[in-house]
Amino acid sequence: MNKRGYVSWLMFLTGALSIGNTSAEDKLADFQWQHRVLITQLPSKDALAKWRAYFTYQQPDLAARKLVAFVQIDKTVYRLTPEQAQFTSVHLRQDILALLDRHPDTVLLIGLDGGIKEVYPLRDFSLEQVFADVDLMPMRKAEIGR
């Protein structure tokens, strides 16, 4: 294969791979009006495993409140899902890292409107507190018909 053919093949392959990796949620703003978002940074992958177990246990309550969670470890951002922690896109990672740079050692709750609703200290974080705070929000009250 000549150099030109190799370059064309490489460009095709790169494009095909990027199509397979695209996500409907490529930026933090893509979650607006669809999900409430929790964001934090953790010190280690051991902590990530504990958080994933905690969030998996609470999955029905998270889903009821349209909550998704992202954690950062060493400049890598993961989305916590019941199956596993998944890597995020480059743009979503940049959005999350920018927020965490301004709010270290905290857990941020971002509302459906995209605004920061609560900032919780990481050291005594509790999903039960998040659930209580979300349940007081006007949009949540409307969701459950109160």
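Gln72 counts as buried because its relative accessibility is 10%, where buried means under 20% relative accessible area, exposed over 50% and partly exposed in between (1.4 Å probe, protein chains only). Gln72 sits in strand S2 (residues 67-73); strands (E, at least two residues) and helices (H or I, at least four) are DSSP runs, numbered from the N terminus.

A word on the model itself: it is predicted, so local features need pLDDT of at least 70 and side-chain atom pairs count only at pLDDT 80 or more, while totals for chains, interfaces and linings use all residues. Residues are numbered from 1 along each chain as its sequence is written, and side-chain values use heavy atoms, leaving out hydrogens and water.

| Residue | Contacts |
|---|---|
| Gln72 | Thr40, Gln41, Leu42, Val77, Leu97, Leu100 |
| Thr88 | Phe70, Val77, Tyr78, Arg79, Arg93 |
| Val130 | Leu38, Leu67, Leu109, Tyr120, Phe125 |

Gln72 and Thr40 are 32 residues apart along the chain, yet their C-alpha atoms are separated by 6.3 Å.

Now for the nonpolar cores, sets of buried Ala, Val, Leu, Ile, Met, Phe, Trp, Tyr and Cys residues joined through side-chain atoms within 4.5 Å. The largest has 22 residues, and Leu38, Trp51, Phe55, Leu109, Phe125 and Val130 touch the most other members. Helix H2 (45-57), S2, strand S3 (76-80), strand S5 (106-110) and helix H5 (127-135) each give two or more residues to this core. A second, separate core of 14 residues includes Ile39, Leu97, Leu99 and Leu108.

Key: Contact means heavy atoms within 4.5 Å. Lists of a residue's contacts leave out its neighbours within four places in sequence.
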